[in-house]
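Colleague: Before I rely on the wording used for this model, I would like to go through it with you term by term.
Modeller: Gladly; here is the structure to look at while we talk.

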Amino acid sequence: MSLIDIHIHRNFLPDQGPQNVYQCEFCEAWHLTSKSPERNDRLQQMIDSGEMKRKQQARRWE
Ligand SMILES: [Zn+2]
């Protein structure tokens with residue numbers, strides 16, 4: 001599940017939950033992090049545009 005999907009499905013506020021993804025130096029997989037100094041660009045865009053809130057609300061009404 002992607003960073004974006006997790007925020008939609010878990011209904012996180014912008015500061016909650018994982019904030020970014022990074023490629024692990026040990027296993028080379030992509031991991032989520034809540035401690036990144038920078039929020040993921042795509043996540044930030046969705047928050048700024050209101051798209052995240054709309055998707056979270058749409059999901060709540062399913
Ligand atoms: Zn790893």
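Colleague: Which residue takes a positive phi in the hairpin of β1 and β2?
Modeller: Glu-28 does, with a phi near 65 degrees, in a hairpin that has 6 residues between the strands. This is a predicted model, in which local features need pLDDT of at least 70, side-chain atom pairs count only at pLDDT 80 or more, and totals for chains, interfaces and linings use all residues. Residues are numbered from 1 along each chain as its sequence is written.

Colleague: What makes β1 and β2 a pair?
Modeller: Strands (DSSP runs of E, at least two residues) pair if DSSP finds at least two bridges between them, and 4 bridges join β1 (residues 20-23) to the antiparallel β2 (residues 30-33). Gln-23, for instance, stands opposite Trp-30 in β2.

Colleague: Why are α1 and α3 called oblique to each other?
Modeller: Their angle is about 50 degrees, with the axes 8 Å apart, where axes are lines fitted to C-alpha atoms over the stretch in contact and angles run from 0 to 180 degrees between N-to-C directions. Under 35 degrees counts as roughly parallel, over 145 as roughly antiparallel and 65 to 115 as roughly perpendicular, with the rest oblique; α1 and α3 are therefore oblique.

Colleague: Which residues of α1 and α3 meet?
Modeller: His-7, Ile-8 and His-9 in α1 meet Met-52, Lys-55, Gln-56 and Arg-59 in α3, contact requiring that C-beta atoms, placed from the backbone, lie within 7 Å.

Terms used:
Contact = placed C-beta atoms within 7 Å.
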